[in-house]
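Work through the exercises below with the sequence and the structure in view. Try each task before reading its solution.

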Amino acid sequence: MSVSQRADSVTQPAPASWTPYLQDLKDVLVQKVLPPLLILALLGGIWEILCSSPGAALPPPSQVLRDTWDLIINPFYDYGGNDKGMGWQILASLERVAYGYSLAVIAGISLGVLVGQSTWALRGLDPVFQVLRTVPPLAWLPISLAGFQDSTPSAIFVIFITAIWPIIINTSVGVRNIPEDYRNVARVLRLNGYEYFIRIMLPAAAPYIFSGLRIGVGLSWLAIVAAEMLIGGVGIGFFIWDAWNASMISDIILALIYVGIVGFILDRMVAYVGNRVTRGTSKG
Amino acid sequence: MTARYLSIEQVDMTFSRAGVDSQVLKNINLNVERGEYIAIIGHSGCGKSTLLNIVAGLINATSGAVILDGKEVNDPGPDRSVVFQNHSLLPWLTVYENVALAVNKTFARTRSKAERHAWILKNLEMVGMSAALHKRPDEISGGMKQRVGIARALAMEPKVLLLDEPFGALDALTRAHLQEEVMRIQEELHNTIIMITHDVDEAVLLSDRIVMLTNGPSAKVGEILDIDLPRPRNRITLADDPRYNHYRQEVLRFLYEKQRKVEDLAERRRKEQSAAALEKERA
């Protein structure tokens with residue numbers, strides 16, 4: 001046993017030159033970067049061909065680039081009012097998402113733990129959650145506008161109410177699925193409630209919690225764009241609506257690309273944190 | 001009544017599910033001396049693990065009591081540490097941290113940080129795991145996980161160590177190896193141990209007394225066999241020892257002649273069906 005283990009832990013000999021690193025880099029470029037670039041070029045080409053005829057309703061990519069070049073190279077201008085660069089627009093949206101999502105994380109994990117731990121809470125709350133979670137995000141907007149009398153907290157509330165359901169549901173499933181063995185270990189060690197929560201429950205449920213957090217962040221980003229279209233002000237959602245009213249289709253297309261990229265980055269960030277935190281947890 | 005170290009007194013256990021009561025254990029009495037190694041053997045489903053869980057305090061007996069060192073057992077605690085069959089290490093903690101969780105909790109007030117650290121290392125060294133302190137459970141083999149489980153249980157300095165089929169999930173070679181380790185550690189520490197097993201050789205090789213449970217429902221202590229073999233024991237020389245073979249046969253006779261496992265329903269049904277088919281062919 002110990003022999004094989006020693007053999008495993010022998011470190012790799014240090015590379016004599018940079019060649020292996022260059023080789024690795026080349027492999028990554030060929031396998032990971034090249035295929036999506038090729039597909040992008042192909043799709044862009046098709047789009048260019050389809051939209052190049054004089055009567056086309058949408059601009060081809062070359063024209064989008066020409067129309068929006070000022071916006072691309074100058075993302076942080078501020079001419080007052082809503083006339084701000086794309087960077088500011090996105091940051092404004094991200095700020096709302098950050099507030100709403102953070103509240104959803106705190107409330108969602110707490111409620112999820114409650115529902116996962118207590119059979120009575122499960123019986124009482126679960127049916128309510130199951131009904132409320134099917135309500136579309138934007139349907140909450142009028143009622144929250146009526147309640148808060150102000151657009152910013154309303155948008156934050158919409159994010160909150162959108163992101164919270166998958167967090168609650170996944171957390172409660174994770175807590176309910178903590179193996180009996182871990183509970184027994186905790187009982188033999190006589191861990192108190194707080195120690196059990198920190199040492200056993202959170203790590204054991206972490207893979208579930210993080211899948212809820214990941215779904216939640218995706219949904220918040222989906223909801224903010226729609227909510228901002230309605231509430232106005234600075235933000236990528238209203239930017240799109242504004243561009244539509246001004247018939248600046250190229251601006252809309254650029255904004256859509258940015259929205260997609262930001263959503264992708266948000267998803268990856270939560271996934272990365274989840275991977276770091278739950279390392280080793282999912283496997284027995 | 002004599003003052004015993006651990007006594008299990010008239011323990012009954014009845015589980016009720018959906019209004020149906022099923023008695024698992026009936027009137028179990030057992031006295032264990034300090035430093036004694038007891039093996040509990042019986043067919044699967046006879047309630048061995050239930051009995052161990054009652055001693056551990058993880059479940060409460062319907063009636064009767066377990067008294068350890070003058071105190072009645074009502075809930076689980078570090079004075080009765082358990083080595084679970086499937087190791088039950090926490091997968092997000094390293095080998096060191098798994099043992100540290102137990103040690104730091106058990107000796108939080110009585111030992112300094114440095115003492116606790118040294119104690120963790122000593123216990124892991126005792127089971128031969130010093131080389132893998134910072135590995136996670138999924139990076140080590142099944143046998144190694146069980147070693148860590150044993151180290152964690154030993155490190156709590158329990159009054160009685162409870163082993164729930166500790167080697168059941170391991171391959172034969174690893175199992176033999178770990179049995180040797182447990183014997184070696186037992187020579188050194190003289191712990192009081194109760195081990196659940198269904199392996200006759202393991203029971204005879206390791207224990208001072210074998211408690212044989214009858215088949216459930218309402219299992220009770222069928223026979224108790226004293227194993228009077230000198231320690232340290234060696235499985236190879238014992239293989240030719242007539243006493244060893246005698247003890248083995250005693251246990252086997254109990255398990256396979258007196259307490260033959262009732263044919264399970266599925267098998268019986270299959271036999272009936274094939275008999276019916278045969279008759280049909282004849283007709």
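**Exercise 1: Confidence**

Chain B has an average pLDDT of 88, and 93% of its residues score at least 70; pLDDT is the predictor's confidence in each residue, from 0 to 100. This is a predicted model, in which local features need pLDDT of at least 70, side-chain atom pairs count only at pLDDT 80 or more, and totals for chains, interfaces and linings use all residues. Residues are numbered from 1 along each chain as its sequence is written, chains are lettered from A and ligands numbered from 1 in the order in which they are written, and side-chain values use heavy atoms, with hydrogens and water left out.

Task: state the confidence values for chain A and for the complex.

Solution.
1. Chain A averages a pLDDT of 88, with 92% of the residues at 70 or above.
2. Over residues 1-11 of chain A the pLDDT is below 50, and this stretch has eight contacts in the model beyond near neighbours in sequence; a contact means heavy atoms within 4.5 Å.
3. Where pLDDT is low, the predicted coordinates should not be read in detail.
4. For the complex, the predictor gives an ipTM of 0.82 and a pTM of 0.78.

**Exercise 2: Chain B as a whole**

Task: describe the make-up and extent of chain B.

Solution.
1. Count the elements: chain B has nine helices and ten strands. Helices (H or I, at least four residues) and strands (E, at least two) are DSSP runs, numbered from the N terminus.
2. Take the box: along the principal axes, the C-alpha atoms of chain B fill roughly 80 × 40 × 40 Å.
3. Look at burial: 49% of the 283 residues of chain B count as buried. Buried means under 20% relative accessible area, exposed over 50%, and partly exposed in between (1.4 Å probe, protein chains only).
4. Look at contacts: among those in chain B between residues at least 6 apart in sequence, 69% join residues at least 24 apart.

**Exercise 3: Helix α4 of chain B**

Task: is α4(B) largely enclosed or exposed, and what is its span?

Solution.
1. Helix α4 of chain B covers residues 142-155, which is 14 residues.
2. From first C-alpha to last it reaches 20 Å, close to the 20 Å expected at 1.5 Å a residue; the expected span is 1.5 Å times one less than the number of residues.
3. Of the 14 residues of α4(B), 13 are buried, so the helix is largely enclosed by the rest of the structure.
4. Just after α4(B), B:E157 takes a positive phi of about 45°.

**Exercise 4: A tryptophan in chain A**

Task: where is A:W165, and which residues does A:W165 contact?

Solution.
1. A:W165 sits in helix α7 (residues 151-176) of chain A.
2. A:W165 counts as buried because its relative accessibility is 8%.
3. Neighbours within four places in sequence aside, A:W165 is in contact with A:F129, A:L132 and A:R133.
4. A:G112 is 53 residues away along the chain, and its C-alpha atom is separated from that of A:W165 by 9.3 Å.

**Exercise 5: Backbone exceptions**

Task: is A:S247 buried or exposed, and is B:S88 buried or exposed?

Solution.
1. Most residues other than glycine have a negative phi, and most peptide bonds are trans.
2. A:S247 is not a glycine, yet has a positive phi of about 55°. A:S247 lies in the loop between α10 (236-245) and α11 (249-277) of chain A and is exposed, at a relative accessible area of 58%.
3. B:S88 has a positive phi of about 50°. B:S88 is in the loop between β6 (82-83) and α2 (95-106) of chain B and is buried, at 2%.
4. A cis peptide bond, with omega about -5°, joins B:R231 and B:P232.
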